[in-house]
Amino acid sequence: MYMNGEKCCHICDTITYERMIYMFTYKTTGTCSTQIDLEIQDGVITYCKFTRGCKGNTEGLARSVIGRKAEEIAEILAGIECRGNTSCPDQLSKAIRAYHD
């Protein structure tokens, strides 16, 4: 849900209105994926979804970080290379850090 109370996505239909949802979209660079949608509540990743990229890998990565501490995940994934000097995991690390900025 956006701060003005409008629904932003299907997830907002299932979450109570007692807390505000701050969905963050990070535009990736240097990877097959084009963006990461991310939500972090109280330092824990509650939602992660990649747009495009290797479906199995990005879906597996997104599922594996749900419920884990964001800073811990950012540290673990930072610097992993695939194509060039970055990767989907590295971009997720950057997205987590950008979420807090």
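This is a predicted model: local features need pLDDT of at least 70, side-chain atom pairs count only at pLDDT 80 or more; totals for chains, interfaces and linings use all residues.
Colleague: Which residues is Arg97 in contact with, once its neighbours within four places in sequence are left aside?

Modeller: With those neighbours left aside, Arg97 is in contact with Glu71, Ala74, Glu75 and Ala78, where contact means heavy atoms within 4.5 Å. Residues are numbered from 1 along each chain as its sequence is written, and side-chain values use heavy atoms, with hydrogens and water left out.

Colleague: Where does Arg97 lie, and what makes Arg97 buried, partly exposed or exposed?

Modeller: Arg97 lies in helix 3, a helix being a DSSP run of H or I with at least four residues, a strand a run of E with at least two, both numbered from the N terminus. A residue is called buried under 20% relative accessible area, exposed over 50% and partly exposed in between, using a 1.4 Å probe and protein chains only. The relative accessible area of Arg97 is 36%, and therefore Arg97 is partly exposed.

Colleague: How are the elements of the protein arranged from the N terminus on?

Modeller: The protein has three helices and three strands, and from the N terminus on they run β-β-β-α-α-α. Buried residues make up 39% of the 101 residues. Among contacts between residues at least 6 apart in sequence, 36% join residues at least 24 apart.

Colleague: Why are helix 2 and helix 3 called oblique to each other?

Modeller: The axes of helix 2, residues 70-77, and helix 3, residues 88-100, come within 8 Å and cross at roughly 140 degrees. Each axis is a line fitted to C-alpha atoms over the stretch in contact, and the angle, on a scale from 0 to 180 degrees, is taken between N-to-C directions. Under 35 degrees counts as roughly parallel, over 145 as roughly antiparallel, 65 to 115 as roughly perpendicular, and the rest as oblique. An angle of roughly 140 degrees belongs to the rest, and so helix 2 and helix 3 are oblique to each other. Among the residues that meet are Ala70, Ile73 and Ala74 in helix 2, and Leu92, Ile96 and Arg97 in helix 3.

Colleague: What makes helix 1 oblique to helix 3?

Modeller: Helix 1, residues 55-65, and helix 3 pack at about 40 degrees, with axes 11 Å apart, and that angle makes helix 1 oblique to helix 3. Here Thr58, Leu61 and Val65 in helix 1 meet Cys88, Pro89 and Leu92 in helix 3.

Colleague: How do you know whether Ile45 is buried or exposed?

Modeller: Ile45, whose place is in strand 3, has a relative accessible area of 0% and is therefore buried. Not counting residues up to four places away in sequence, Ile45 touches several residues, including Leu38, Ile40, Val65, Ile73 and Ile96. The C-alpha atoms of Ile45 and Val65 are separated by 6.7 Å, although the two residues are 20 apart along the chain.

Colleague: What is the phi of Asp42, and what is the phi of Arg52?

Modeller: Most residues other than glycine have a negative phi. Asp42, which is not a glycine, has a positive phi of about 55 degrees, and Arg52, also not a glycine, has a positive phi of about 65 degrees. Asp42 is placed in the loop between strand 2 (33-41) and strand 3 (44-52), and Arg52 in strand 3. Asp42 counts as exposed because its relative accessibility is 79%, and Arg52 counts as exposed because its value is 64%.

Colleague: Why does Asn85 count as exposed, and what is Ser64 called?

Modeller: Asn85, in the loop between helix 2 and helix 3, has 63% relative accessibility and therefore counts as exposed. Its C-alpha atom is separated by 8.0 Å from that of Gly30, which is 55 residues away along the chain. Ser64, in helix 1, has a relative accessible area of 39% and so is called partly exposed. Ser64 and Cys48 are 16 residues apart in sequence and 9.4 Å apart in space, C-alpha to C-alpha.
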